[in-house]
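Subject: Structure for your review

Dear colleague,

Please find below the structure that I am handing over to you. My findings follow it, arranged by topic.

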Amino acid sequence: MTTITQPRPTTTKGAPAVDGAKLFNRLCAVCLTLFALIWLVPFAWAIATSLRSDGSITQNPTSPFAGGWSLHAYSYAWDNHPIGTWYLNSLVISALAVIFTVGFCSMAGFALAFLRYRGRAVVMALVAAGLMLPSEALVLPQFIEYRSFHLLGTFWALILPSIAAPISVFVFQSFFRGIPVALIEAARIDGAGWWRVYARVCMPICRPALSTVAILTFITTWNSFLWPLLVLNQTKSQTIPVGLSSLVSNSNIQYAEVMASSVLGFLPLIAVFLVFQRQIVQGVATTGIK
Amino acid sequence: MTTVVSTRPAPTASAAALPADRPPHSERRAGALLTAPFLVIYLLFLVGPLLVGVVLSFFNTTTVKSGLGDWVGLSNYSEVVTDPLFWEAMWHSVLFTLLTTPPLVVLALAAAILASRVRRGRVFYRVAFFAPYVVPSSVVALIFLWMYTPQIGLIPKILGSVGLPVPDFIGSTSGGWTAVTLMTLWWTFGFNFVLYTAAIQDVPPDVYEAAAIDGAGPWQQIRHITVPMLGRTTSLVLILQILASLKVFDQIYLLLAGGPDQSTRPVIEYIYDTGFTSYRGGYGAAATMVYFVIIVAISAAWYGLRRRRATSAAA
């Protein structure tokens, strides 16, 4: 960063200062737009490559319009790799992870926020400590534990770690604490059991927390790589990221086909992101999941 | 690894507001029942692997067949600590952290400040910067591998046309680090950008108005208001970035396979190799524990510092 050497302008108000600020803001907009356009280049380049033929790519690598466009590479990629199956696997695994994580973690978050019971303090401490635990670093012992439970190769092996994430409990718990206690007491006086208070009174209010946890669980489960790589070793049961990783090789010269597969790999997620971008960004900003 | 950011003060109405007498039986039962499903899975599958790792590190377990093997005491640990390959891998993870953290923090801060001064097109910037973050790592690797392809890839072409030397992105160590750093920058930049953007929005606008009345230009406002007010966020972004970078695996494994000649292999890939190529589960578990303690020590130090600073600020 540079330091300011110029003395402060003595005239604080007036047209020039306002113009300067406006000019500065316009300059900011230009810089940022350029920056953002550079960020879109890899996507655009992958799409452009996927629409071309391998011959024209090697001849004129940087002119995306040479040789004409076709969807040939897509049908080729779809026929040569079980992309549909991978999609289905990813979808089933991520959906189950979302359902169980939202269910179990919101129940625990509710209990921690409103109920007094034995062991509450211990569970609170465990959840807080778990936030600091780098679970990804433990893949090897995790693998051996799952093997002794005969969970390897099953979808459960991918769903269970996401349910065990304390961050989701934390998000729910802190949201529930914002609900006025008077509301809970009123429901109790009306004769509602605790389950009813949880399911009928609190869950409908906590839609924002629910969508945060659901979306982030979905994306992390969908994108996780190392753990499914270890756990699912059958081609048929692989997820999209692991399946597509078998195409990563610098001797692979079928550029159009590889790029068509990548486009198929990122397009649905980008679509989900475009639809939910507000919630996703808000969720990331408030929970900081990485 | 996850961390909770308290960007907004949480409402304080809580269980403490409930009456302090002994809770009725139904409440205690409901609490236990509602917590149980999560707690069982948490203990089995998050605390479980940690305990399994501690136990395995004292045995010569193999990953090819079940069973613990024989007790070997601390010999796994002494072997890990004296293995130059382990420390090389550790250094690669640290080097990756040193390479990626400064640009990812500084550029994200700069971009977020620029974005805060632009009224229109916020959604466009957010989408452009954050979209890569939702793409799977293997797809990112496929796209970048193609862009790095010698002679015909986009990046060598651009560098060549500007007249810059083209590094061997995949075949050399320094080129490999450049390739992985650029790819990581593109992939994860949006995350820090979003954290900073949210924090900037929390700076009350009247501070800027007061500064503008006092004659502070936009640059002075940024330097003396925005950047200092973002101190807490910067500390958070920094630690999240350091912890995430130390856990690097996907990018290096996919793009370079730790090569050439294991010269970029990070710790997680070292553990992966000992466990799933040499099948030495016990030894890999000992390496895991050493690495684990380092990571936990770094985050505990950060939490401690933050708490001390928070209490000293409150006093």
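**Findings**

Please bear in mind that the model is predicted. According to UniProt, in an unreviewed entry, residues 90-302 of chain B carry the annotation "domain: ABC transmembrane type-1".

**Chain B as a whole**

Chain B contains 13 helices and 0 strands. Read from the N terminus, its elements are α-α-α-α-α-α-α-α-α-α-α-α-α. The C-alpha trace of chain B spans about 80 × 75 × 35 Å along its principal axes. Of the 315 residues in chain B, 44% are buried. If one takes the contacts in chain B between residues at least 6 apart in sequence, 69% of them join residues at least 24 apart.

Just after H6(B) comes B:Gly163, which takes a positive phi of about 90 degrees.

**Chain A: annotated regions and domains**

For chain A, an unreviewed UniProt entry places the feature "transmembrane region" at residues 27-48, 86-115, 122-143, 155-176 and 253-276. Residues 27-48 of chain A are 100% helix and 0% strand, with 30 Å between the end C-alpha atoms. Residues 86-115 of chain A are 97% helix and 0% strand, with 42 Å between the end C-alpha atoms.

The domain assignment divides chain A into domain 1 (16-73) and domain 2 (82-246). The centres of domain 1 and domain 2 of chain A, taken over C-alpha atoms, are separated by 38 Å.

**Helix packing within chain A**

Helix H3 (residues 72-80) and helix H14 (residues 255-287) of chain A pack with their axes 8 Å apart, at an angle of about 75 degrees. H3(A) and H14(A) are therefore roughly perpendicular to each other. On the side of H3(A), the contact is made by A:Ala73, A:Tyr74, A:Tyr76 and A:Ala77, while H14(A) contributes A:Ala256, A:Glu257, A:Ala260, A:Ser261 and A:Leu264. The residues of this contact of H3(A) with H14(A) comprise 7 nonpolar, 1 polar and 1 charged.

Helix H14 of chain A also holds A:Val272. Is A:Val272 buried or partly exposed? A:Val272 is partly exposed, because 16 other C-beta atoms lie within 10 Å, whereas a buried residue would need 20 or more. A:Val272 and A:Ile219 are 53 residues apart in sequence, and their C-alpha atoms are 9.6 Å apart in space.

**Where the two chains meet**

How many residues does each chain bring to the contact? Chain A provides 99 residues and chain B provides 96 residues. The side of chain A that touches chain B is made up of 69 nonpolar, 21 polar and 9 charged residues.

One crossing of helices from the two chains involves helix H6 (residues 139-148) of chain A and helix H1 (residues 25-56) of chain B, whose axes come within 8 Å and cross at roughly 100 degrees. H6(A) is therefore roughly perpendicular to H1(B). From H6(A), the contact takes A:Pro141, A:Gln142, A:Ile144 and A:Glu145, and from H1(B) it takes B:Gly48, B:Pro49, B:Val52, B:Gly53 and B:Leu56. The residues of this contact of H6(A) with H1(B) divide into 5 nonpolar, 3 polar and 1 charged.

Yours sincerely

Methods. Residues numbered from 1 in each chain as written. Chains lettered and ligands numbered in written order. Predicted model: local features only at pLDDT ≥ 70, side-chain atom pairs only at ≥ 80, totals over all residues. Contact = placed C-beta atoms within 7 Å. Nonpolar A, V, L, I, M, F, W, Y, C, P; charged D, E, K, R; others polar. Helix = DSSP H or I, 4+ residues; strand = E, 2+ residues; numbered from the N terminus. UniProt positions renumbered as here; feature names shortened; annotations may be inferred. Axes fitted to C-alpha atoms, helices over the stretch in contact; angles between N-to-C directions. Parallel < 35°, antiparallel > 145°, perpendicular 65-115°, else oblique. Buried ≥ 20, exposed ≤ 12 C-beta atoms within 10 Å, placed from the backbone. Domains from an automatic or database assignment.
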